[in-house]
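Good morning, and thank you for joining this group meeting.

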Amino acid sequence: MTKIKEVAAIGGVVDMSELIKSFTYDMACRIVLGKSFRTEGRSKLLRDLTDDTSRILGGFNLEEYFPTLARAGVLKRVVCAKAEKVKCRWAYLLDKLIDERGSMDKSMFDKKDGDFIDILLSAQYEYGLTRERVKALLTDVFFGSADTVANTLDFTLAELMRRPRLLEKLQNEVRSIVPRGQETITETDMNKMTYLRAVFNESLRMYPVAPLLAPHLAMADCNIDGYMIPAGTHVLVNVWAIGRDSSSWEDAEEFIPERFIYEDSDVDVNFKGNNFQFLPFGSGRRMCPGINLGIANFELMLANLVYHFEWELPPKV
Ligand code: HEM
């Protein structure tokens with residue numbers, strides 16, 4: 001906020017995508033590393049690692065389009081070699097972070113104010129977690145938490161600036177709940193912001209961060225609505241198309257947060273995985289475990305941004 005205020009005061013330009021991204025990485029680092037998150041440029045290091053991992057996981061894979069190439073296995077070897085390098089960089093960093101705490105007595109872990117590493121290490125003794133598992137869980141939090149929230153916020157700000165009436169409605173809600181002059185908005189303030197949640201839902205409907213979810217594999221033969229899915233089938237769920245399907249959504253291509261406000265209605269379409277027309281966090285046992293953290297990070301940032309600043313597109317945009 002301070003950075004935007006400084007730039008706004010001199011009428012300068014601020015790259016919001018960049019700022020939002022570095023903020024979400026700082027948040028992820030703070031959760032995992034606690035107070036030591038700013039040392040040695042770790043937030044930047046983790047961001048580079050996450051970017052490289054995303055490129056490998058989400059990159060175009062020629063072998064999926066030309067299966068004959070897969071038989072030769074050349075491309076696979078190239079991708080595996082790259083993945084191995086990234087894996088080693090993760091392992092090096094995470095080992096270092098864990099070793100820093102290794103010298104501490106387990107009774108010294110402060111469960112109340114501790115960071116995620118503290119919590120995992122204290123649970124390590126209780127649940128017999130191996131070091132590899134601890135590292136995998138740490139990677140999950142870094143990887144799952146930063147880009148997801150930053151990308152959703154990016155699209156939301158763009159949609160709101162294109163629709164000043166909706167932006168004003170959101171600002172009115174936030175400013176009517178948060179007392180004038182309050183420096184930062186808290187989670188308690190946000191609980192009352194129904195329009196803010198509707199904006200979040202509408203952004204996820206139109207711009208799901210994982211448009212095909214994570215790839216799933218059928219473990220057993222199953223029949224869905226008359227379609228036979230044999231065991232071993234690679235399944236991709238196109239939630240981007242489902243969220244824009246006109247048989248489920250009126251004016252599906254329009255950004256209308258009001259569609260998620262259900263006053264005096266029994267209908268309540270939400271992202272908890274039971275309404276199959278809206279699956280931004282997936283569904284079932286592999287659905288996103290970070291929903292609550294994702295909501296809190298997104299809503300905290302958006303509410304603060306619209307509370308403190310006026311937003312509009314530059315002329316001719
Ligand atoms: C707006 C925020 C977020 C969105 C939209 C989102 C969305 C998703 C989606 C679509 C999946 C795949 C589900 C499936 O394939 O069925 C997923 C998985 C996952 N997410 Fe999130 N996520 C968000 C925030 C977070 C946060 C903050 C964390 C970290 C704490 C996180 C951690 C994970 C993990 C670890 C998985 C893999 C779960 C598994 O495979 O069992 N996510 N997320």
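I shall speak about helix packing, then about a pocket and a cavity.

A word on the source: this is a predicted model, in which local features need pLDDT of at least 70 and side-chain atom pairs count only at pLDDT 80 or more, while totals for chains, interfaces and linings use all residues. Residues are numbered from 1 along each chain as its sequence is written, and side-chain values use heavy atoms, with hydrogens and water left out.

Let me start with helix α8, residues 131-162. Helices here are DSSP runs of H or I with at least four residues, strands are runs of E with at least two, and both are numbered from the N terminus. Helix α7, residues 116-127, packs with α8 at an angle of about 150°, their axes lying 11 Å apart. The axes are lines fitted to C-alpha atoms, for helices over the stretch in contact, and the angles run from 0 to 180 degrees between N-to-C directions. The two helices α7 and α8 are therefore roughly antiparallel. In these terms, angles under 35 degrees count as roughly parallel, over 145 as roughly antiparallel, 65 to 115 as roughly perpendicular, and the rest as oblique.

Which residues meet between α7 and α8? From α7 come F116, I117, L120 and Q124, and from α8 come R131, V134, L137, L138 and V141; contact means heavy atoms within 4.5 Å. By class, these residues are 7 nonpolar, 1 polar and 1 charged. Ala, Val, Leu, Ile, Met, Phe, Trp, Tyr, Cys and Pro count as nonpolar, Asp, Glu, Lys and Arg as charged, and the others, Gly among them, as polar.

Further along, α8 packs with α13 at about 35°, with axes 10 Å apart. Here V149, T152, L153, T156, L157 and L160 of α8 meet G294, N297, F298, M301, L302 and L305 of α13. That contact has 8 nonpolar and 4 polar residues, and no charged ones.

The angle between α8 and α11 is about 105°, and their axes are 10 Å apart. That makes α8 roughly perpendicular to α11. T152, T156 and L160 of α8 make this contact with V199, F200, S203 and L204 of α11. It has 4 nonpolar, 3 polar and no charged residues.

I turn now to open space. On a 1 Å grid over the protein atoms alone, a cavity is a set of points where a 1.4 Å probe fits but cannot get out; a pocket is an open set with protein on both sides within 12 Å along at least five of seven lines; and lining residues have an atom within 4 Å of a point. Grid points are joined across faces, edges and corners, and a volume is the space filled by probe spheres set on the points.

The second largest pocket has a volume of about 620 Å³. Of its 20 lining residues, M1, L19, F23, D26 and M301 lie nearest its centre. Helix α2 gives the largest share of this lining, 9 residues.

How many cavities of 30 Å³ or more does the whole structure hold? The search finds 1, and the largest cavity contains about 40 Å³ of space. Its lining includes L204, R205, V239, I242 and F278. The largest share, 3 residues, comes from α12.
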